[in-house]
Every structure is written in structure tokens, then in C-alpha cells.
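Subject: Model for your files

Hello,

Please find the model below. Notes on cavities and ring pairs follow it.

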Amino acid sequence: MADWQIFVQMGIQHITDFGAYDHMLFLATICALYRPQDWQRLLLLVTAFTIGHSVTLIMGSIWGSFLSVSLTEWLVGLSILLGGIYNLIRPLEWHRKNRWPSYALALGFGLIHGLAFSGFFQGMGFISGELIVPLLSFNLGVEAGQLLIVGGLMLVAYLITEVGKIDFRYWMLGLSFLAIAGGALMVIQRWPW
């Protein structure tokens, strides 16, 4: 296996690790607002999150994070909490008509999550000259893992709402309340001060 493939695999494992469920939970907040047939809109929203975390993953890995690890981890929990609340403060129809606030929020929260990814990546101890291929490969793995999670969530949404004929609002509310509970727990547990 080539070196770059090892880092792709590490990126996939990092985001799909149930022990580090925070990134999965944030992706669930993004997916909560979209029906399976809205996959193109969801892909745009996930792309905004991807752009945000790719920027800070690269910057943080090269130059180091400007935030402490404890503050970054606390902010990740806060982003999940706020993402869940954001889903609930407006009706679903509003989210469908006014997508730009959601894109901006996903991009901004992606910047925070990227710092957390870079903290993990920095822990591998690379010399800056050796950084490019592992960094890009790791990021590619994170993206592949992210698409697996989003695809899995959309499959579950389809089974529950289309096959099981359960109202989509219950799916959205369930994921959003799960995010609020998980995010609140992380905010309390990861309090950095």
C-alpha cells in the first residue's frame, strides 16, 4: 500500500470512528434538514462545510492552530449544539427558501472542525517538507468518510420517511434534538476554562 493510501485510510477512520462521534453528529445536523430527494442541495451544504474544514486543516497543519486544543474541542461541541438549535428555530420551508444562512453557518463551523482535524493530523509529527502528500491524502480520506456518513444518513432517512411513511418532521426533530443533547454534553464536558 502506497503512503498516500495509508493517509486516505487514516482520514476515513478518523471521521468514521464512533469514539470521535462529534463530527458525525455535526454532519447529522446538516442532513436533518434534507429529504433524500434533496441530495443535490445537501451536497452543496456539505461542500460548504468541506471548504471550511479543508482551509483550517491545511492552515493548522502547516502553521499550527491559533486556538488551544481544549478551546477547539469545546467549540466543536458548541457548533453541534448551535447547529441543532438552528434547525429548530425556523420551519423547514424557511430553510428550503433561505439556503444562504445555512451555507454560511456550515462554512463557519467547518473552519472550527478543520482546526480539530489539524490537531489530530499535527499529532503525527511531520516535518513541513513531507507534509503535502500526507495532508492532502488525509483530507481526501476525511471527505470520503464524510460522504459515507452522509450517504448512510440519507439511506436511513429514506427508509424511515419514504418506506416507513413516517413524517419527515419527526426525522428532522429527532436528529436535531440528538445534536442538541450531544452538543450540550460536549460543551459541559469540554469546558476549557
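How many cavities of 30 Å³ or more does the count come to? The count comes to one, where a cavity is a set of points on a 1 Å grid over the protein atoms alone at which a 1.4 Å probe fits but cannot get out. This is a predicted model, so local features need pLDDT of at least 70 and side-chain atom pairs 80 or more, while totals for chains, interfaces and linings use all residues. Residues are numbered from 1 along each chain as its sequence is written, and side-chain values use heavy atoms, without hydrogens and water.

The largest cavity has a volume of about 110 Å³, taken as the space filled by probe spheres set on the points. Its lining (residues with an atom within 4 Å of a point) includes Phe26, Leu45, Tyr86 and Phe109. Helices H2 (22-31), H4 (69-89) and H6 (99-122) each give two or more residues to that lining; helices are DSSP runs of H or I, at least four residues. H6 has the largest share, four residues.

There are three aromatic pairs (ring centres within 6.5 Å; planes under 30 degrees apart are stacked, over 60 edge-to-face, the rest tilted). Phe26 and Phe49 form a tilted pair, 4.9 Å centre to centre with 35° between the planes. Phe26 lies in H2 and Phe49 in H3 (residues 39-63), so this pair ties together parts 23 residues apart in sequence. Both are buried, meaning under 20% relative accessible area with a 1.4 Å probe, protein chains only. Ring pairs also link Phe26, Phe49 and Phe109 into a cluster.

Trp74 and Trp191 pair edge-to-face, at 5.4 Å and 85°.

Regards

Key: 1 Å grid on protein atoms, 1.4 Å probe; cavity = no way out; pocket = protein on both sides within 12 Å on 5 of 7 lines; lining within 4 Å. Phe/Tyr/Trp six-rings, centres within 6.5 Å; stacked < 30°, edge-to-face > 60°. Buried < 20%, exposed > 50% of the residue type's maximum accessible area, 1.4 Å probe, protein only.
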